[in-house]
Amino acid sequence: MSAQPVLLVVAHGSRDPRHAATVHALVRRVRALRPHLRVETGFLDFNVPSVPAVLESLAADGVRDVVALPLLLTRAFHAKADIPAVLRQAPPRLRIRQADVLGPSPLLTAALERRLREAGLAPADRSSTGVVLASAGSSDPEAIAVIADIAREWRRTGWCAVRPAFASACLPRTEDAVRELREQGCARVAVAPYVLAPGFLPDRIARGAAGADVLAEVLGPAPEVARVLLERYDAARLPRVAAVGA
């Protein structure tokens with residue numbers, strides 16, 4: 001039986017050192033869940049190792065099969081353009097399949113719930129609490145529509161209300177959504193960052209949450225996020241026809 005493909009986690013990268021530290025913590029959790037799987041991390045920008053450097057190293061090690069998993073919550077420019085372009089430049093001996101982005105997933109909603117509980121919200125608070133689902137934002141209409149869909153579905157689980165908000169590229173901003181929920185009559189307002197790691201835009205979300213009662217942490221290395229990574233890996237490694245440049 002041939003060896004299972006290497007999982008290459010492709011992260012965006014950031015000048016903020018908290019970003020890479022959080023990515024590495026998440027990857028450690030993935031390795032703990034599946035100890036016999038080789039998991040590598042590459043960054044598109046700002047941090048090392050770069051994705052091309054990791055791919056060169058894997059080829060030099062004799063690896064043939066790789067699943068490249070975008071560490072992204074929505075299918076926007078990086079997933080549709082940047083990452084495929086980088087993968088097409090990989091050494092020709094590598095067979096690379098690009099996995100789907102992480103979201104949407106019920107596991108990610110469960111991770112949001114976990115972070116809100118950790119921030120102090122109790123189950124009894126749900127019906128009186130309005131939640132701002134605060135994402136980084138995108139100019140891609142598909143990505144924006146996905147965030148709105150998640151907010152609608154999450155509202156049906158019993159929250160007073162759930163409003164999407166964005167740190168960049170589109171409106172409303174976090175502070176506007178907080179104000180709307182206050183005006184709607186929610187007794188309590190919580191901000192749930194739908195982002196994976198700290199950085200410039202998550203900090204903007206945090207500033208916009210100044211008028212809220214609760215600010216949850218970023219998703220980071222939540223157990224549910226690690227499980228989503230492995231779900232996406234398992235789905236990508238099976239259909240051989242999905243290979244890039246094979």
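Me: What does Leu102 touch, not counting residues up to four places away in sequence?

Reply: Leaving out residues up to four places away in sequence, Leu102 touches Leu69, Pro70, Leu71, Leu72, Leu73, Leu108, Leu196, Val225, Val228, Leu229 and Arg232, where contact means heavy atoms within 4.5 Å. Keep in mind that this is a predicted model, in which local features need pLDDT of at least 70 and side-chain atom pairs count only at pLDDT 80 or more, while totals for chains, interfaces and linings use all residues. Residues are numbered from 1 along each chain as its sequence is written, and side-chain values use heavy atoms, with hydrogens and water left out.

Me: And how many residues has the largest nonpolar core?

Reply: It has 49 residues, and Leu102 and Val225 are those with the most contacts inside it; such a core is a set of buried Ala, Val, Leu, Ile, Met, Phe, Trp, Tyr and Cys residues joined through side-chain atoms within 4.5 Å. Helix α8 (residues 223-237) contributes the largest share of this core, seven residues. Another core, of 19 residues, lies apart from it, and includes Ala59, Val63, Leu94 and Ile96.

Me: Which residues of α1 are buried?

Reply: His19, Ala20, Thr22, Val23, Ala25, Leu26, Val27 and Val30 are buried in α1, with buried meaning under 20% relative accessible area, exposed over 50% and partly exposed in between (1.4 Å probe, protein chains only). The cover over these buried residues includes β1 (6-11), β2 (39-43) and α8. Helices (H or I, at least four residues) and strands (E, at least two) are DSSP runs, numbered from the N terminus.

Me: How far does α1 reach from its first C-alpha to its last?

Reply: Helix α1 (residues 17-33) reaches 25 Å over its 17 residues, close to the 24 Å expected at 1.5 Å a residue, the expected span being 1.5 Å times one less than the number of residues.

Me: Switching topic, which residues form an aromatic pair?

Reply: Trp154 and Trp159 do, in an edge-to-face arrangement with 5.9 Å centre to centre and 75° between the planes, and the structure holds one aromatic pair. Rings of Phe, Tyr and Trp (its six-membered ring) pair if their centres lie within 6.5 Å, and planes under 30 degrees apart count as stacked, over 60 as edge-to-face and the rest as tilted.

Me: Is Trp154 buried or exposed?

Reply: Trp154 counts as buried because its relative accessibility is 2%, and Trp159 is buried as well, with a relative accessible area of 4%.

Me: Now the backbone: where are the cis peptide bonds?

Reply: One joins Val48 and Pro49, with omega about 0°, and Pro49 sits in the loop between β2 and α2 (51-60). A cis peptide bond also joins Leu171 and Pro172, with omega about 5°, and Pro172 is in the loop between β6 (161-166) and α6 (174-184).

Me: What is phi of Phe46 near?

Reply: Phi of Phe46 is near 70°, a positive value in a residue other than glycine, and Phe46 also lies in the loop between β2 and α2. Ala169 has a positive phi too, near 75°, and is found in the loop between β6 and α6. Most residues other than glycine have a negative phi, and most peptide bonds are trans.

Me: Is Ala169 buried or exposed?

Reply: Ala169 counts as exposed, because its relative accessibility is 57%, whereas Phe46 counts as partly exposed at 41% relative accessibility.
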